[in-house]
Amino acid sequence: MSEGAPGLHAVAVSPREVPGHLAYLTAQTALGWLAVLAVIALPLFPLWAHAAANLEVPLRRAGLVAPPPASRPTNDSWRVMAHALTSIPVAAIGTVAWTILVAAGGVVVQAPLRALADQPVIGGASGPTGPLAAVLAVTAGFLALAATSWFAAVVARVTSAIATRTLWTREEVLQAHIEEMARRQVVMDEAAAGERARLERTLHDGAQLHLAATAMHLSMIELTLQQVGEPTTRSQLVKHLEAARNENERALDDVRSVASGLRPDAPASLTTALTRLVDKLPVSGTADVDIPPLTAEVEPVLLLIAKEAVTNALRHSGCSAVTITARGVMNQIVLTIHDDGAGGIDADRGTGVTGMRMRARSLGGGLTITSPAGGPTSVRVTIPHPGTEPD
């Protein structure tokens, strides 16, 4: 997630993040020393400041630290020069950190070898010798490595947070937060749907089959009971058998009910789903759908996008009519949700819009919104579909 101002969260660095943060700090250290040279050659400093600002984006997108906002960094000269100046103290800190890391690593490697050769472990000719000294030196070296790595990672995170606030506006940072939350929501929805499908398969292929097999065995027992000679005994056994069969059928019905409840009610096709959607609207609604059959992975996503767009229209636009159109055109599926409301939607902001865009991207497509002030509004989703033919 893109970062705002540095805070207490900066110290919460997990071990798996340390290598990437160290790499980012190393890059910033190099950039900081180049900034020092640029300051010395003062006329070159503004040029270097803009170059360093542009380098921030690929460094962040490499996954070393939190990714930057989607927009490009500012071109404001004062802001980019302030960013370049902050890299100078970072360069000093990074240099000290790497000096400690190299020295501590050298102690960890060399101390056991020196002890085996009966040489002073550290401190020159008058330094301590022996296995105990080597163990203490290696322990101290590992502690120095861990502490310095953590400190360097914290510095890297704080540096990236400062760069974010320096090179991007607050609105851009907040929009990056919104996009990240929407992306996580899409991922969570997909994970939940996958888990429901897995549980349904488990019930269908496991408990349901076992209960069906039990019912078959009960029927076999009933046939065998017909050979029992004593009528009273046979009658009692049949009674108990019938009770067992009834319990088994109730258990089977419960399993089927749970399995079917794990997934939302799925109509026969996207066409049916979109038609039902507009039929339930409190305003005039029309669905004009002419698309080929789609996969089980694609249809629910398109339906969710349509529902989100319709919900936004009803909630914010004051519309009196909604039209949903879906067509297969030139190897693509084009879904359009049109309303006659007030318009004025900001196509780059809001969790609803961002969530729809993320869902479209998950299918390899895209989403565009046309919404001038005063309306109308059209949400257009385009996804690839090799099976479609041109109109």
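Q: Why does the distance between the end C-alpha atoms of helix H3 (residues 77–116) agree with what it should span?
A: At 1.5 Å a residue, its 40 residues should span 58 Å, and the end C-alpha atoms are 59 Å apart, which agrees. The expected span is 1.5 Å times one less than the number of residues, and helices (H or I, at least four residues) and strands (E, at least two) are DSSP runs numbered from the N terminus.

Q: Before I go on, what sort of model is this, and how is it numbered?
A: It's a predicted model, where local features need pLDDT of at least 70, side-chain atom pairs count only at pLDDT 80 or more, and totals for chains, interfaces and linings use all residues. Residues are numbered from 1 along each chain as its sequence is written, and side-chain values use heavy atoms, with hydrogens and water left out.

Q: OK, where's the kink in H3?
A: At Gln-110, shortly before the proline Pro-112, and the kink is about 35°. That bend is the angle between axes fitted to the seven residues ending there and the seven starting there.

Q: And what follows H3?
A: Asp-118, with a positive phi near 60°.

Q: What does Val-107 touch?
A: Val-107 sits in H3 and touches Pro-112, Ile-122 and Ala-137, not counting residues up to four places away in sequence. Contact here means heavy atoms within 4.5 Å. The C-alpha atoms of Val-107 and Ile-122 are 7.8 Å apart, though 15 residues separate them along the chain.

Q: How do H1 and H4 cross?
A: The axes of H1 (residues 18–40) and H4 (residues 131–167) come within 8 Å and cross at roughly 65°. Axes are lines fitted to C-alpha atoms, for helices over the stretch in contact, with angles from 0 to 180 degrees between N-to-C directions.

Q: Last one, how many helices and strands does the protein have?
A: Nine helices and five strands. Of its 391 residues, 37% count as buried.

Notes. Buried means under 20% relative accessible area, exposed over 50%, partly exposed in between (1.4 Å probe, protein chains only).
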